[in-house]
Structure formats: C-alpha cells, structure tokens
Amino acid sequence: MEKNSKQLYSTYTSLMQKAADLNYASAVLGWDLEVYMPPKGAEARARQLATLATQAHEILTSNELGRLLEELSASDLDDTEKNNVRLSREDYEKNKKLPSSFVDELSRQTSECFNAWVEARKKNDFGIFAPSLSKMIALKRKQAELYGYSAHPYDALLDEYEKGATVALLDPIFSGIRQQLPPILEQIKDAKQVDNSFFYQHFPKQKQWDFSIDVLKGMGFDFEAGRQDYSEHPFTTSFAATDVRVTTRVDEHNYQSMLWSCIHEGGHGLYEQGLPEDQYGLPLGSPASLGIHESQSRFWENCIGRGLDFWKFFYPKLQMLFPEQLAKVTAEDFFKAANKVDPSLIRTEADEVTYHFHVMIRYEIEKELILGTLDPMDLPAKWKEMYNKYLGVSAADDKTGVLQDVHWSHGSFGYFPTYTLGSFYAAQFYAQAQKDIDGLLPKVANGELTGLLHWLREKVHVHGRRYTSEELCTQITGKGLDPAYFLDYVKDKYRAVYGVNS
Ligand code: CO
C-alpha cells in the first residue's frame with residue numbers, strides 16, 4: 001500500500017513536471033519575443049506558443065491526472081505531498097469547469113479584443129474597442145457563472161488572480177482609500193513642493209545599465225541563476241528558480257524610468273529565485289499569488305528602494321557615476337524627489353499615494369461591468385467623472401484615459417486589485433521585518449541587505465503556494481491584511497518628504 005502511494009505520487013510528479021517543461025519552454029519563447037525576436041518572427045512564434053500551450057493544457061486536464069489526484073487524495077502522504085496534491089486537485093477541478101468550447105471562444109475573443117484595443121488606441125477612439133469589449137464582458141460573466149460563486153460574480157474572477165480574494169475583503173480596503181488618502185493628498189498639495197527636475201537631465205545608457213546591475217547585485221539577485229536584458233516594457237519571467245529573467249528599459253532623459261522598474265523587477269526576480277528548487281513544476285514550487293508577487297516587488301521598490309536609508313549607501317556611488325548631473329543634489333534631495341506626489345492621468349506613472357485611486361477606480365468600474373449595472377458604452381464618461389472626482393484630473397482623450405491599460409482587452413477582470421493588495425501586504429510585511437530584524441534600517445544604510453533577503457526567503461519565498469495570501473499574511477504578521485499598516489507607512493513617508501503631519 002505504501003509502495004503504491006509512492007508510485008502514484010511519482011507518476012503525478014512526472015506528469016506535472018512534463019506540463020511545467022512545456023510551460024517554461026513557452027516562457028523562454030515569450031521572453032525572446034519581447035527581448036530579441038525580429039518582427040517577421042511573430043507569426044511562427046504565435047503558432048509555436050499555441051502548440052506548447054495546448055499540449056500543457058491537455059496534460060493538466062487529462063483524465064489520467066484526474067484519476068491520479070483522486071487516488072492520491074485518499075493515500076498516505078507526507079505534508080508536502082499532501083499540499084501539492086490538494087492544490088493540484090483544486091486547479092484540476094477548476095480547469096474542468098470550463099468546457100473546451102468556452103476556452104476556445106474566450107481565446108478567440110481575446111485576440112479580437114486585443115487587436116481592437118490596439119486599433120482604438122492608434123485612432124484614439126474608444127468606439128472602435130467598445131463592441132469587442134462588450135462581447136468580452138459577456139464572456140467573463142459567463143465564466144463567473146461556470147466557476148460559480150456565493151456572493152458576487154466578480155469574486156469568481158478575482159479568485160483566478162488572488163485565491164480567496166472577494167468583494168467582501170476588498171470593499172473595505174478601497175473605501176478606506178477613498179476616506180483616508182484624500183486628506184493626506186490635500187496636505188501635500190498645500191506643502192512646499194518637491195523638485196525632481198534633475199531626473200530629466202541626460203543620463204547615458206551604459207552608465208544607467210551599470211548602476212542597475214550593481215543595485216541588483218546589492219539586493220542579492222543571483223546572476224548565476226538569472227540575467228537582466230532590455231525590453232520595451234519591463235517584466236520578470238522564470239524558466240526555473242535557477243533561471244530567472246528580469247528586463248528593463250532606459251530613457252536617457254528620464255532616469256526614473258529605469259531606476260524604479262529595475263528595483264521593482266528585481267523584487268519579483270528574487271521571489272522566483274527563492275522558490276524551492278526541489279518542487280519544480282509543483283504547486284509548492286510556484287508563487288503564492290499575484291498579490292504576494294507584487295508585494296515582493298513593491299517591498300523592494302517602495303519600502304526599501306524609495307527609502308532614505310537605501311540611498312545613504314547607494315547615493316554616493318550614483319553620484320560618482322553621474323558627477324555633473326548630481327553635483328548639486330544631496331541624498332536627502334534625491335530621496336524627496338523619488339517620492340514626489342503628483343496626481344496624474346496615467347496609472348503606471350503614478351506615485352505611491354495617487355496610485356491606489358487609479359486602482360480603486362478600475363475596481364469599482366469592473367464590479368459594475370460584471371454585474372451588468374454599467375453599460376460598456378458609458379465607460380469613457382464614467383472614467384472622466386471618477387478621475388475628476390478622486391484625482392482632480394481630466395483626460396483630454398481616450399488614449400490617456402479609458403484606453404490606457406491592456407488588461408481589459410486580455411479579459412483580465414479582477415487583476416487590478418492585486419496591485420493594491422501588493423502594496424498593502426508589502427507595507428504590513430515591512431512593519432514586521434522592522435520588528436523581526438534587529439537594526440534593519442541601519443543595516444540597509446550600510447548596504448547590508450542579506451539579512452532582509454533571508455527574512456523574505458524564510459517568511460514568504462520558501463512556501464510557494466502552500467498558503468493563500470491571507471494565510472501567509474497571518475502567519476507572518478499575526479493577522480490578516482490590515483490597511484492601517486499602509487496608511488501609517490504613507491504618513492511616515494510623507495512626513496519626511498513634505499513635512500506634513502496627519
Ligand atoms: Co510588478
């Protein structure tokens with residue numbers, strides 16, 4: 001009997017790893033597509049990716065895997081094995097809820113919708129996107145019905161990106177944002193403004209690159225198990241914990257463009273490198289959720305990378321590299337400039353305070369679209385109204401307004417909230433790290449980041465998908481997500497930057 005369960009588990013492992021081989025091979029092709037592929041390669045690449053995805057999907061939805069998981073669920077397994085089987089079974093049953101005809105339809109609609117979005121952006125006309133988007137929303141509503149839900153159809157979609165996240169969990173978080181952030185924003189508006197104009201001088205590409213490599217090394221990114229390359233949009237991908245790729249971009253006339261995205265992707269990369277190697281292809285070798293992934297990137301980018309202590313160590317090095325550009329800028333000036341608050345139209349360029357209004361607006365809109373209480377045709381008007389109300393800005397056109405994000409064209413409803421969850425989990429983890437690690441900030445100021453990386457490894461990375469985000473948060477900090485940590489973090493930071501007392 002015991003021998004039998006060992007054999008079953010090893011058959012399960014090899015099936016899962018075969019699917020992972022195919023998916024990671026897709027990831028290599030996807031990485032190449034964004035980093036090196038010449039334009040004419042697109043068509044062949046699309047079919048190669050489709051072939052690999054189909055094969056992986058066949059394995060993961062096969063009757064063979066279903067039978068194995070059923071038998072294993074009743075077998076005598078150790079704790080790690082049990083957790084892998086439990087999570088694989090959940091995935092399997094979820095996959096099985098979508099008939100293949102629906103998966104096909106969704107995939108075709110996604111291509112159509114994405115093309116319509118590209119076209120609409122080019123012509124700066126939401127009307128071109130609207131009919132495809134309406135069809136996409138209808139499909140997403142159907143998907144929510146197929147998955148099933150108890151309280152709100154949007155819960156079923158959220159679950160895909162953040163298991164266990166619900167409207168009931170998120171509503172209080174976003175209403176907290178609506179109530180508590182505007183007074184802080186008002187105070188900042190009235191305070192002495194921060195000058196960040198030095199970021200927009202000429203910063204030569206090669207020197208920017210060299211510094212980014214130093215920062216990644218300082219953070220503990222293992223270049224024997226990963227590399228950095230250029231791409232149009234920065235991203236992180238992984239082919240195994242031992243081969244993790246981060247990408248960046250350089251704008252020679254805006255140093256911020258590379259700097260923050262490099263540290264951000266570095267945080268994602270460290271998480272991937274910290275996943276347990278011996279769980280390759282299995283749930284416990286995979287990241288917990290998008291929100292937890294984003295908590296790692298924002299921990300490094302915002303809590304550490306935009307902190308004064310980080311620059312106590314790195315700023316003298318940066319100044320040596322760019323003596324002319326930074327001659328008159330002190331470390332303190334640099335820190336303040338890195339945290340300038342400025343309500344704007346574009347989410348991806350937003351600062352740490354206004355960012356969450358961008359997400360909140362999308363969240364409220366998505367809920368209504370999925371419920372059917374907002375007609376997609378009324379989106380541009382709703383968008384303008386909400387941006388005016390919460391950020392006091394108004395988009396001149398669709399391109400800088402409702403057409404700015406790719407997510408809806410991909411059918412990714414429920415994705416945006418994971419960005420805010422990431423920042424909020426990061427702030428809560430950061431508060432805990434300062435309790436757990438003796439003299440964390442003085443260490444950061446000395447460039448000693450190993451202890452911090454070790455803490456993140458032990459608390460977050462090594463667990464893979466074993467815990468949901470909320471379970472992980474409770475285990476690390478003693479309670480579930482509490483927005484008070486983010487609000488305290490923001491108040492501390494802007495007291496230092498703008499001298500505001502909330
Ligand atoms: Co990210």
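The lining of the second largest pocket in this predicted model comprises, by class, 13 nonpolar, three polar and five charged residues. The space in this second largest pocket comes to about 450 Å³, and among its 21 lining residues Tyr430, Gln434, Tyr489, Asp492 and Lys493 lie nearest the centre. Two or more lining residues come from each of the elements α11 (290-304), α12 (308-321), α16 (417-436), α17 (440-445) and α20 (484-498), with α20 giving the most to the lining of the second largest pocket, namely six residues.

Elsewhere in the chain, three strands make up an open sheet of mixed pairing, in the order β1-β3-β2. Because β1 (226-230) and β2 (236-240) each have a single partner strand, they stand at the edges, and one side of each is left without a neighbour in the sheet. On average, and with direction ignored, neighbouring strands of this sheet are turned by 20 degrees against each other. Strands β2 and β3 (residues 243-248) run antiparallel and are joined by four bridges; Ser238, for instance, has Val244 in β3 as its bridge partner.

Two helices accompany this sheet. Helix α9 (residues 205-219) packs on the sheet, where it touches β1 and β3, and its direction makes about 155 degrees with that of β1, while helix α10 (residues 255-274) lies across β1, β2 and β3 and runs at about 170 degrees to β3.

Gln143, found in helix α6 (residues 126-147), is buried, since its relative accessible area is 2%, and, leaving aside residues up to four places away in sequence, Gln143 touches Leu98, Phe102, Leu106, Leu157 and Glu160.

How values were computed
Residues are numbered from 1 along each chain as its sequence is written. This is a predicted model: local features need pLDDT of at least 70, side-chain atom pairs count only at pLDDT 80 or more; totals for chains, interfaces and linings use all residues. Side-chain values use heavy atoms; hydrogens and water are left out. On a 1 Å grid over the protein atoms alone, a cavity is a set of points where a 1.4 Å probe fits but cannot get out, and a pocket is an open set with protein on both sides within 12 Å along at least five of seven lines; lining residues have an atom within 4 Å of a point. Grid points are joined across faces, edges and corners, and a volume is the space filled by probe spheres set on the points. Ala, Val, Leu, Ile, Met, Phe, Trp, Tyr, Cys and Pro count as nonpolar, Asp, Glu, Lys and Arg as charged, and the others, Gly among them, as polar. Buried means under 20% relative accessible area, exposed over 50%, partly exposed in between (1.4 Å probe, protein chains only). Contact means heavy atoms within 4.5 Å. Two strands pair if DSSP finds at least two bridges between them. Axes are lines fitted to C-alpha atoms, for helices over the stretch in contact, and angles run from 0 to 180 degrees between N-to-C directions.
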